[in-house]
Amino acid sequence: MITLLRKNKLAYLAFLPLVGIVYALTFFKLSISEDTLFYAMPAAQLITLAGILFFFVLCFRTMSSYIKLRTDTVILLLIIFALGLFLRTVIPPQVHRILYDEDIYLNIGQTISTNGKACLCDFGTPDNCIYCIDNKEPSGWPSLLSVFFKLFGAKEQIAFTLSILLNSFSVILVFLIAYLLYHKESIALYSALVLSLLRTHIEWSSTVSADAVSMFFNCLAILALLIYLRKQNWKTLGFFIFSVVYASQIRPESFLIFMLAGILLLLHARKIYTELFTPRLLIFLVILLLLIFPNVMHLKNASNEDWGAGEKENGEKFGTKYIAYNLKTNLSYFVENNRFSLIFTILALVGLALSLRYYLGNTAFMLSWELLYFTIFILFYAGSFNYGMDVRFAINLFPPVSIFCGVSLAKLESMISSFRSSRKAYITVAIKLIIIVTIALLVLPQLKEMPKREISAYDSMLSHDFAIQQVNTLPKDSMFITHVPSMILINGGNAFQANLYHKNEFVKQIFSNYTHVYWYEGFWCMHDPHQRDNICSYLKKNYVLYPVASITNEVNPNRYNYTLYRIFEK
């Protein structure tokens, strides 16, 4: 059949939309059980990860043939990478900045590694989840975590280390993207330098949030596509397809990577025209559709979630009414000279002007990257970079910003070099070093003040940290009743979701199987009226409670008190 299609281009082109129609009908008509998706999502994602690794190895020689660097460039790149790794390891504290999303990512990774299911455990032990529920976020990041949890054990430190390493390697990916786009080592080098010094990226690299990881996989997918555009064969196509599939499953907005890749393909349409009529394209497109299908069905099921917009915004997650405020605050982020250095804003604007003049096609692509991720968040009710911890939404804007800065700094180097009398190579290296050191010295003072806790999140962080301290001091056979089982499970404790208090079979199991049962009156009992007046009140009235440990938030005027109780049946 494929041979016949190849001979008849019209039939072949008609077959591609037919595949899309079948896929769309399946999406709208097919109903897949939640439990089936729990198994299907991590299975597809782990296959995709294996595919990325497999095709990366196969493509390595091809990549090497298109990326030929001078020795001094390699040395300077390694210095910049080491600087980025050092800053991400040493300066920001390794803490959760979005609570309790990061605990959820960790626990889903833990559940995948123990039970093979991408779900949030509400009742279980660190080695076995007895009862779990769906989580609205894609599970690409937890699936990657599960691989390392399987190899090294489910520990928070494993996740922090992996996050720091991945996000440090983003510096290398940005270098390679800039090099393949502009074919100039100086632009690539300075692009890597700027990303290595961006405060927000440094700060969020030492969390286990999915945002910076999403940027890493976006960069990997774009790099794979650029390699494919230079050499069209089944190896490079496979590397791109598997990379873009995985990049689309890290965060809800990750589907934008398909649009971004489509824009780049359109800009190079002449190069890939003949590829439209090769059997390998059809085969890999079918593979792509199969691998993303579980995640697509998951997002379909999660589309009814209000994502926190329920009471405050009447359930309206996206809308034009959010544009004015979000546009103002998100643009101010780049000029406030606090979380983002004004030096980089100026360099990026100059680089944009230079790129428009000399590299129009590349500029169109980079601006598309910027606008896609900028627009999606100004339409989102919580898309302001000043909304809670949502400055992390700026991270996917950083690759094009860094590259525009790289264009600007490369022009500066060229201007300085025009005044030199000697053309010896060591002088060029010296100029590069001077620029690198100067930029670093100008920006590094802004990296000193990186608070462990933002005041707005102090309550939730205090409640979180205190609970983990108790896990490490109480008997190992203890069972914790809590609103956040994930934070207990990933730290080696057994946990039961307080919202399941009405499931009598689970409650009986807890009190018959565990000698030490505790209830943690934590963050949600203090801050959520529904939880406080229903579940928390119910437990206090219907069980015998003995306080074991407590902590008071001295910063908050309300002086919230978080208490761990030993709990007994009446």
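Contact here means heavy atoms within 4.5 Å. Keep that in mind for the opening residue.

Some ground rules. This is a predicted model, where local features need pLDDT of at least 70, side-chain atom pairs count only at pLDDT 80 or more, and totals for chains, interfaces and linings use all residues. Residues are numbered from 1 along each chain as its sequence is written, and side-chain values use heavy atoms, with hydrogens and water left out.

Let's start inside. A nonpolar core is a set of buried Ala, Val, Leu, Ile, Met, Phe, Trp, Tyr and Cys residues joined through side-chain atoms within 4.5 Å. Buried means under 20% relative accessible area, exposed over 50%, and partly exposed in between, with a 1.4 Å probe and protein chains only. Which residues touch the most other members of the largest core? Trp-141 and Phe-344 do, out of 132 residues. Look at Trp-141. Leaving out residues up to four places away in sequence, Trp-141 touches Tyr-105, Leu-162, Ser-163, Leu-166, Val-208, Ser-209, Ala-210, Val-213, Tyr-246, Gln-249 and Ile-250.

Helices (H or I, at least four residues) and strands (E, at least two) are DSSP runs, numbered from the N terminus. Two strands pair if DSSP finds at least two bridges between them. Seven strands form an open sheet with mixed pairing, in the order β2-β1-β4-β3-β5-β7-β6.

Zoom in on β5, residues 516-521. On one flank, β5 runs antiparallel to β7 (residues 561-569), with four bridges joining them. Tyr-520 has Leu-564 as its bridge partner in β7. β5 also pairs with β3 (residues 478-482), in the parallel sense, again over four bridges. There, Phe-480 stands opposite Tyr-518. Is β5 mostly covered or mostly open? Mostly covered: six of its six residues are buried. In a regular strand the side chains alternate between the two faces of the sheet. Here both faces are covered, with His-516, Tyr-518 and Tyr-520 buried on one side and Val-517, Trp-519 and Glu-521 buried on the other.

Next, a pocket. A pocket is an open set of points on a 1 Å grid over the protein atoms alone, with protein on both sides within 12 Å along at least five of seven lines, and lining residues have an atom within 4 Å of a point. The second largest pocket has 23 lining residues, and Ile-52, Leu-53, Phe-56, Phe-216 and Leu-220 lie nearest its centre. At least two lining residues come from each of α3 (34-66), α6 (140-152), α7 (156-182) and α10 (211-230). The most come from α3, with eight.

Most residues other than glycine have a negative phi, and most peptide bonds are trans. Leu-99 and Tyr-100 are joined by a cis peptide bond, with omega about 10°. Tyr-100 lies in the loop between α4 and α5. His-183 is not a glycine, yet its phi is positive, about 60°. His-183 sits in the loop between α7 and α8 (185-197), and is exposed at 55% relative accessible area. Asn-337 also has a positive phi of about 60° without being a glycine. Asn-337 is in the loop between α15 (323-332) and α16 (342-358), and counts as partly exposed at 38% relative accessibility.

Note on methods:
1 Å grid on protein atoms, 1.4 Å probe; cavity = no way out; pocket = protein on both sides within 12 Å on 5 of 7 lines; lining within 4 Å.
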